[in-house]
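My notes follow in the order I made them.

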Amino acid sequence: MPEEDLVELKFRLYDGSDVGPFQYSPTATVAMLKDRLVSEWPKDKKIVPKGVSDIKLITAGKILENGKTVAQCKAPFDDLPKSVITMHVVVQPSPTKTRPEKKIEEEESPQRSFCSCTIM
């Protein structure tokens, strides 16, 4: 595949740091991007995804579906020659199973769950 057909992507993490840029074929799926992102995840981060299902990718204000290709996800303004597309990464760990006694305590206290996303 000619090099000019490749799409250059970088991934902006929750703390403003970037992973990449990497070059992908326009036929690569979002699931493939997430898989590589999990394998390339910086080891010094507090929040680490355990798998592809813990990551959501956002570009142009839209959450990308795993089955879509890179070509289908490109925003019209990203068609500039040799531009790097930035995708924002949200990590939402899968809920873990808790012990029954802990669950009783949680029912008595108000739930405090939060998620943060930084868009620069």
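Two strands pair if DSSP finds at least two bridges between them. Helices (H or I, at least four residues) and strands (E, at least two) are DSSP runs, numbered from the N terminus. With that settled, I checked β3 against β5: they pair in the antiparallel sense over four bridges.

**Ground rules.** This is a predicted model, where local features need pLDDT of at least 70, side-chain atom pairs count only at pLDDT 80 or more, and totals for chains, interfaces and linings use all residues. I number residues from 1 along each chain as its sequence is written, and side-chain values use heavy atoms, with hydrogens and water left out.

**Overview.** I find three helices and five strands. Their order from the N terminus is β-β-α-β-β-α-β-α. The protein has 120 residues, and 29% of them are buried (under 20% relative accessible area; exposed is over 50%, partly exposed in between; 1.4 Å probe, protein chains only). Next I looked at contacts, meaning heavy atoms within 4.5 Å. Of those with a separation of 6 or more, 60% join residues 24 or more positions apart.

**Sheet.** In what order do the five strands of the open sheet lie? I read β2-β1-β5-β3-β4, with mixed pairing. The edges are β2 and β4 (62-63). Each has a single partner strand, so one side of each is left without a neighbour in the sheet.

**Strand β3.** Toward β5, I see L57 opposite V89, and I58 has H88 as its bridge partner. On the β4 side, two bridges join β3 to β4, and the two strands run antiparallel. There the bridge partner of I58 is I63. β3 and β4 form a hairpin with two residues between them. I noted A60 in the turn, with a positive phi of about 55°. Why do I call β3 largely enclosed by the rest of the structure? Because four of its five residues are buried.

**Helix α1.** This helix lies across β1, β2, β3 and β5. I then picked out L33, which sits in α1 (residues 30-39). Is L33 buried or exposed? It counts as buried because its relative accessibility is 1%. Leaving aside neighbours within four places in sequence, L33 touches L9, F11, Y24, L57, V70 and M87.

**Core.** A nonpolar core here is a set of buried Ala, Val, Leu, Ile, Met, Phe, Trp, Tyr and Cys residues joined through side-chain atoms within 4.5 Å. The largest one has 21 residues. Inside it, L9, F11, L33, L37, L57 and V89 have the most contacts. The elements giving two or more residues are β1 (7-12), β2 (18-24), α1, β3 (55-59), α2 (70-73) and β5 (84-91). β5 supplies the largest share, four residues. In soluble globular proteins, nonpolar side chains tend to be buried together.

Methods: Axes are lines fitted to C-alpha atoms, for helices over the stretch in contact, and angles run from 0 to 180 degrees between N-to-C directions.
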